[in-house]
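Please open the model in a viewer and follow the selections below in order. Each stop names what to select and then states what is found there.

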Amino acid sequence: MQFWYSRSWIAWLLCPFSLLFWLITTVRRALFRLNLLKSYRASIPVVIVGNLSVGGNGKTPAVIWLVQELTKCGLNVGVISRGYGSKAKNYPLLITPTSDPIEAGDEPVLIAARTQAPVCISPNRQQAIECLLQHTKCDVIISDDGLQHYKLQRDFELVIMDAKRGLGNGFLLPAGPLRELPSRLKNVDIIITNGSENQYSDAVMTLKPQYAVNLVTKAQRPLNEFSQATAIAGIGNPPRFFTMLQQHGIQLMETQAFQDHQSFSPELFAKFDKNRPLLMTEKDAVKCMTFAEEHWWYVPVTTEIQGEKAQQFIQKIVQKCGQKM
């Protein structure tokens, strides 16, 4: 929604609905705080990785980074997710790197593949945690999203924010992109901005691509060997992916932005030039493996998070887990 990033007349027109949204969410959070609505406390620490605004902030790379960093510290990490877009017949569902992304959702499969950590999806986060605790050994749970899911008690909160878009026009849904007011940021443990530093940054996340991987042959090819390409992206912020490719010297002859969590089929790719490489995100690739063509490549990224507060955050989690052991 373009008007989410300016205070246009459309945004002002929708402000009464944002006021209603604020009232409902504020009352609901107060009811949880007063224990008038029941919440769930897991037997091990829970870390929420979420955002204040809707869509395309870089949450999945942040989850992958956090799992990898905590694993390096010797912790057994489990991940829960609502599994947005999944079509499983039964929940909770344990995810592996080879799970069907249509059944499991694209992001949970990607997280499982990149981290090798146990992942469980369910709209009921309590069920997902208890499933992990029953079937795997976990010292800490990372919740992929759920900052506003106050039914789940948490020990730590990490907010990821797109540095360029920030908090948009500062309005709540539907007049703006925010799920909660900016003042909510005062209560989280760390704010990581994606791409660069802004006024809210405790640490900065950068996504660094080095090569592309062929979906059919699994061959790797340096990005600087691609002079021209077609690019597609079904993520929260497709222009970020296209810009990243252009910054690596690739001339994009055609681009196609799909909706986030797009379900792909061969027919969607029929119009693209088969004589030109087609580049996509790793998140999109997990849904295209079964019908991929030899000129299709995905671009994995390495997540780097700079800042002393990021390492302090990791150590706080490790210390908390040590107290529970």
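Select Lys59 and Asp144, both of which are buried in this predicted model. Their side chains form a salt bridge, with the closest N and O atoms 2.8 Å apart. The pair links distant parts of the chain, since Lys59 belongs to helix α2 (residues 59-72) and Asp144 to strand β5, 85 residues apart. In total, the structure holds 20 salt bridges.

Next, select Asp155 and Arg41, whose side chains meet in a salt bridge at 3.0 Å, N to O. Asp155 lies in the loop between β5 (140-144) and β6 (156-162), and Arg41 in the loop between α1 and β1 (46-50); the pair therefore ties together parts that are 114 residues apart in sequence. Arg41 counts as partly exposed because its relative accessibility is 40%.

Move on to Asp202 and Lys309, a salt bridge in which the closest N and O atoms are 3.3 Å apart. Because Asp202 sits in the loop between β7 (190-194) and β8 (203-209) and Lys309 in helix α8 (residues 308-324), the pair ties together parts that are 107 residues apart in sequence. Asp202 is partly exposed, at 24% relative accessible area, and Lys309 is also partly exposed, at 46%. Then select Arg154, Glu157, Glu180 and Arg184, which salt bridges with shared partners join into one network.

The next stop is helix α4, residues 106-115. Is this helix largely enclosed or largely open? Eight of its 10 residues are buried, so α4 is largely enclosed by the rest of the structure. The buried residues are Asp106, Glu107, Pro108, Val109, Leu110, Ile111, Ala112 and Thr115. Just after the helix, Gln116 takes a positive phi of about 65 degrees.

Two or more lining residues come from each of α3 (101-104), α4 and α7 (282-285), with α4 giving the largest share, four residues. By type, the lining comprises 13 nonpolar, nine polar and five charged residues.

Finally, select Leu19, Leu20, Trp22, Leu23, Ile24, Val27 and Leu181, which make a nonpolar surface patch of about 630 Å². Within this group, Trp22 lies in helix α1 (residues 9-33) and counts as partly exposed because its relative accessibility is 33%.

Notes: Residues numbered from 1 in each chain as written. Predicted model: local features only at pLDDT ≥ 70, side-chain atom pairs only at ≥ 80, totals over all residues. Heavy atoms only, no water. Patch = residues over 30% accessible without salt bridge, like charges linked within 9 Å, V, L, I, M, F, W, Y side chains within 5 Å. Areas by Shrake-Rupley, 256 points an atom, 1.4 Å probe, with all protein chains shown as cover. Salt bridge = Lys/Arg side-chain N within 4 Å of Asp/Glu carboxyl O. Buried < 20%, exposed > 50% of the residue type's maximum accessible area, 1.4 Å probe, protein only. Nonpolar A, V, L, I, M, F, W, Y, C, P; charged D, E, K, R; others polar.
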